[in-house]
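Please open the structure in your viewer and keep the selection panel at hand.

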Amino acid sequence: MTSDTTAPLLDIQDLHVSVGDREILRGVDLTINEGETHVLLGPNGGGKSTLLNTIVGMPGYRVTQGRVLFKGVDLAELEVDERARLGIGIAFQRPPAVRGVKLRQMLEVAARGELDDEAIATLDEELNLGHMLARDVNMGFSGGEAKRSEMAQLLAQMPDLALFDEPESGVDLDNIAVVGGAMNALLKGEGRISERRRSGLIITHTGHILEFVNADVAHVLYNGRLACKGNPLDLIDEISSHGYDACVECKLCQTLS
Amino acid sequence: MSDTQLSPSAIARLEEIRIAAESAIDKQAALGPDVDITRFKTVSEQQKIDSLESLEKQVKETVIHSGFMADESDRSASYFQMDRTPIYERVQKAFDDAIEIMSTEDALRLWPEEMLEKYWWRAVMPDKDKYTALVALHQTEGYFIRVKAGRKVEKPIQACLFVSESNVSQNVHNIIIVEDGAEANVITGCNVHVDVKEGLHAGISEFYVGKGAKLTFTMVHNWAEDFSVRPRTGVIVDDDGVYINNYVLLTPVKSIQSFPVAKLEGTNSTAVFNSIVYGLKDSHIDLGSEAQLIGEGSRSEAVARTVSLDESVVYSRGRLIGRTNDCKAHLDCRGIVQSPNSTQWAIPDLASEGAPGAELSHEAAISPIAAEEIYYLMTRGLPKDEAVSMITRGFVNIDIPGLPDVLRKQIDKAIEETSKEAM
Ligand SMILES: Nc1ncnc2c1ncn2[C@@H]1O[C@H](COP(=O)(O)OP(=O)(O)OP(=O)(O)O)[C@@H](O)[C@H]1O
Ligand SMILES: [Mg+2]
């Protein structure tokens, strides 16, 4: 594996992805550099989760054209677990319940076994995990609990690129701050030894999470492509007043080819 | 035993047992492949030993897999039977006045009237089938354990039935009595010497759980590939009594068929059956349990987890019979078939016999581990085989009370090995 320090952390080139026989992504181009946080907007069913699932390598998402490079490595060559160990992490929109596997075990797995009781206590405090730690992961977790559990797993993993699929949906106002705090800790490395800044890609509909996390740029996934990009808060404002159809035509968007 | 000092009723009872057994000696069992019992000679006599430490190294290593420790510091009492001889029986000092442990034949010699009246073939019928008949007519010892009223013995009592020869049948008759208000945790292992191939183990177990008493009975089977195993177990639970049965099978066996029956006669009595079964090689495994909810307020739960590989055939049965209005019971059996040549049956069976208020339910499922779950673990960096083994471990990792650490580790190890094999 070659890793070129000048290359972008994530480089998606002309990505076409089909689920079953439906083409969902039709030529996505996206570059995320080290330390950058991007936002992904777009209508329901537009393919945002599909893009994230493709990056992590979930089965059923078939790349028919184009490629995804991470640290200069073509991800097509790597299994899901290898991508994770290379530094990609994800907080799922709807994570599956796994009977018999405890959240605590998931944290240990994510940290590659390097998680002592103190580290778990810190995560517990940060994300208010409480009784969830000893429960089967996601089994009967409330919507907000599932999001905090996903966030805890990402914090345990500390990936170089963190993918957040609607981290705030279904989360109450108090807990948005908790989730947002965790995302910040991850992305900005606050209070952590590592100096290197991590990168993030956040899917959001409301943008509420952006009150807690600074993002550099937002993209709108529309008709299978990234139709425009711009300042995250401005774009969300525009979309909420005029809708996606108008947004992708508007002046706020930096024009794309 | 000479019949001369016995009362006429005791003599009549022995005669009754003999006649019943003789009538059933050719009677095939309702379940499981038939075993030709005439092919085996009975097990031989062995030398007694003074200390478990003097057991052959290989024997010690074998029995540890079923939780039997030669070092007795974590045990309150031990019974070790080699072939037909109880070679070692000891109660640790601290429990001297709480536990009696000996062979059932010794118990019958010591207290013939009491045994015959209350415990000897009272929970299992001698004419149930040819295996019960075989034991009734050609018994080769078995353990007798009694925990005295009110004594709560936390440290496990251990019993091991060991077979060291091939082509024999070990026909044991075990009795456990937990008197009123007493508690006991019994771990039994049935093992065969590594060199043993063919053989038969016919084991009758009659357990009596007194008022407010509790018996946790954990059995780990460690058989040989050509061994046939036919345990017959009956449990009678009195008022407020609790019976917990844990069963673990992690090694190949030719065939095993077992269907313990708990009669919850007492008011508010409870029976819980937990089982973890690995079907390996060409094992034929037919396991289940029956709870008869007779006493008002009786409760029962059966949880079975089965993983089958290779060419194994596994039947997982469960029967709940409600005979009183106020009773409640649930069956939960789940299986994973990990080989295209393996077969699993899940057969839950519920009956309410004139008990309109009985609440009986079951959940039975046979399905693979969902790919979605495997990939979820992989996104955290775990390789596929490790993800499968972690989920499988979680699947069988039911909360088993009283399971010693060594067994927990043993189970984990077996799962680790088998799930690698299944990849
Ligand atoms: N595993 C799958 N199986 C079948 N269809 C799928 C699968 N994953 C995605 N799709 C389909 O692909 C399309 C895009 O779905 P995706 O989940 O990526 O949308 P999204 O942009 O994340 O939407 P939302 O905002 O509602 O979460 C949808 O029509 C969806 O039904
Ligand atoms: Mg989505």
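A residue counts as near a molecule if one of its heavy atoms lies within 4 Å of that molecule. Please keep in mind throughout that this is a predicted model.

**First stop: the ligand and its shell**

Select ligand 1 and display the residues around it. How many residues surround ligand 1? There are 15, and the closest are A:Gly45, A:Lys48, A:Ser49, A:Thr50 and A:His205. Colour this shell by residue class, and it divides into eight polar, four nonpolar and three charged residues.

Next, select A:Gly45 and show its backbone. One of the backbone N or O atoms of A:Gly45 lies 2.8 Å from an oxygen atom of ligand 1. Move on to A:His205, where an N or O atom of the side chain is 2.9 Å from an oxygen atom of the ligand. Then select A:Glu166: between an N or O atom in its side chain and an oxygen atom of ligand 1, the distance is 3.4 Å.

Taken on its own, ligand 1 has 630 Å² of accessible area, and the protein covers 65% of it. Which elements give two or more residues to the shell around ligand 1? In chain A, select strand S2 (22-32) and helix H1 (48-56), which are these elements. H1(A) gives the most, with three residues.

**Second stop: the contact between the chains**

Colour chain A and chain B separately and turn to the contact between them. Here 27 residues come from chain A and 17 from chain B. About 1,900 Å² is buried between the two chains, and carbon and sulfur atoms give 68% of that area. Select B:Tyr376, B:Thr379 and B:Arg380 together: these residues supply 41% of the area that chain B buries against chain A, more than any other three residues.

Now select helix H6 (371-378) and helix H7 (384-396) of chain B, each of which supplies at least two residues of the side that touches chain A. H6(B) gives the most to this side, with six residues. By class, the side of chain B that touches chain A comprises nine nonpolar, five charged and three polar residues.

**Final stop: the whole structure**

Zoom out to show every chain. Over all chains, a search finds 34 salt bridges. To finish, return to the pair that crosses between chains: B:Arg380 is in the loop between H6 and H7 of chain B, and A:Glu150 is in helix H5 (residues 143-157) of chain A.

Methods. Residues numbered from 1 in each chain as written. Chains lettered and ligands numbered in written order. Predicted model: local features only at pLDDT ≥ 70, side-chain atom pairs only at ≥ 80, totals over all residues. Heavy atoms only, no water. Polar contact = N/O pair within 3.5 Å; in protein donor to acceptor, adjacent residues only side chain to side chain. Areas by Shrake-Rupley, 256 points an atom, 1.4 Å probe, with all protein chains shown as cover. Helix = DSSP H or I, 4+ residues; strand = E, 2+ residues; numbered from the N terminus. Nonpolar A, V, L, I, M, F, W, Y, C, P; charged D, E, K, R; others polar. Contact = heavy atoms within 4.5 Å. Buried area = accessible area lost by both parts, 1.4 Å probe. Salt bridge = Lys/Arg side-chain N within 4 Å of Asp/Glu carboxyl O.
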